[in-house]
Amino acid sequence: MHRSGAAMAWNVFKFCTALRGLGSIMILLVLGVVGVTYYAVVLTSYGPALYEGGLTSVTAAAVLILFHGLLVMLLWSYFSVVLTDPGSVPPNWRPVMDEERGEGDPLTGSEFGVSQADASKQRVRYCRKCSQMKPPRCHHCSVCGRCILKMDHHCVWVVNCVGALNYKYFLLFLFYTFLETSLVTLSLLPHFIAFFTEGEIPGTPGTLATTFLAFVLNLAFALSVMGFLIMHMSMVAANTTTIEAYEKKTTLKWRYDLGRKKNFEQVFGTDRRYWFIPAYTEEDLRRMPVLQGLEFPSKPDLDAQEF
C-alpha cells in the first residue's frame, strides 16, 4: 500500500511537471488559432468584400470593425491573465486580529451590510508544502508549487493559475472569446454551407481549407466556452470558486454569499466603467481588500465554516 501511494504521488508530480512544460506551446496554440481565424475572416473573406461596393461592402465593414474590436479585447484580457500573478501569500502573513477601524479604513464586511469575520472564530489553516499559514480561500497549486490566494483552478490555456488577482481577467477572456468565436462562426457560415453545394466556390484550395478549418475551430470554441462562461458566472453570483464549489457541495449555506450584487462587485469592482476591461480603478484597489485576496467579508452566523 505504501509503494502504491508513493507511485501515485510520483505520477502526479510528473503530470504537474508536464503541465509546466506546456507553457509556451499553449500560448502559441492560442495565437495559431487567432492567426488562422484572422486569415480566413480578414484576408480571405471580408477584406476583399470591402471593394465590391453596395450592401456587401457595408456588411464587410461592419463585420471587420466588430471582429477587430473584439479581438483587441480578447487578446488584452488573455495576456492580462497570462502575465498577472494570481496572488501569493505575503511573507510572514498572520491573520488579522480585532482592531479599531477608522472611517478612512478599507471596505470591510460592515460596509457590505454584514460583519467582518471574527478572527477568533476562524480556524487558521496551514500549508505543509509551503510551511506557512494560509489566508481564507487560499489553496496550494501543485503545478505552480505555491499557495494561491482565492484559487479557482490552474488553467493550461493561460499557463497560469486563476486566482484573486486575475479572476476578473479570466472571465473577460471567456466573455470576449465567446463573442469573437460566435461572430466568426456566423460570418463564415455562408462559406461553410457553400462547401456542400454543387456550385463553384471561389478561392484556392488553400484558402478554402483555411476557411473550413476556421469555421470548425470557432464553432467548437464558441460552444465549449459558452458552457464555461455560464458555469463561472453562476459561481460569481454565489461568490464561490471552482475548488470551493467542489468542497462545499453538501453545504446549503455559504458564508461568503452576500447577495448577487455584492458578490459581483467583489470580482468586477464597483465602477461600472471598468466592468468590461481587464483593469480596476485605484479607488477600488485601495478600498476593497477583497480584490487583494487576503480579507473577505462574510456572514457572522456562518463564520465557523472552514474554507
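This is a predicted model: local features need pLDDT of at least 70, side-chain atom pairs count only at pLDDT 80 or more; totals for chains, interfaces and linings use all residues.
Colleague: What makes the pair E244 and R137 a salt bridge?

Modeller: The closest N and O atoms of E244 and R137 are 2.8 Å apart, and because the cut-off for a salt bridge is 4 Å, the pair qualifies as one. The pair links distant parts of the chain, with E244 in helix α6 and R137 in the loop between β2 and β3, 107 residues apart.

Colleague: How do you know whether E244 and R137 are buried or exposed?

Modeller: E244 has a relative accessible area of 0%, as does R137, also at 0%; since buried means under 20%, E244 is called buried and R137 is called buried.

Colleague: Why is K261 called exposed, and what is the corresponding term for E265, its salt-bridge partner?

Modeller: K261 has 59% relative accessibility, and because exposed means over 50%, K261 counts as exposed, whereas E265, with a relative accessible area of 12%, is buried. Their side chains meet at 2.7 Å, N to O, and the two residues, four apart in helix α7, are separated by about one helical turn.

Colleague: What makes the approach of T281 to D284 a polar contact?

Modeller: A polar atom of the T281 side chain lies 3.1 Å from the backbone nitrogen of D284, which is within the 3.5 Å limit for such a contact. T281 itself lies in the loop between α7 and α8, and with a relative accessible area of 12% it is buried.

Note on methods:
Residues are numbered from 1 along each chain as its sequence is written. Side-chain values use heavy atoms; hydrogens and water are left out. Buried means under 20% relative accessible area, exposed over 50%, partly exposed in between (1.4 Å probe, protein chains only). A polar contact is a pair of N or O atoms within 3.5 Å; within protein, one must be able to donate a hydrogen and the other to accept it, and residues adjacent in sequence count only if both atoms are side-chain atoms.
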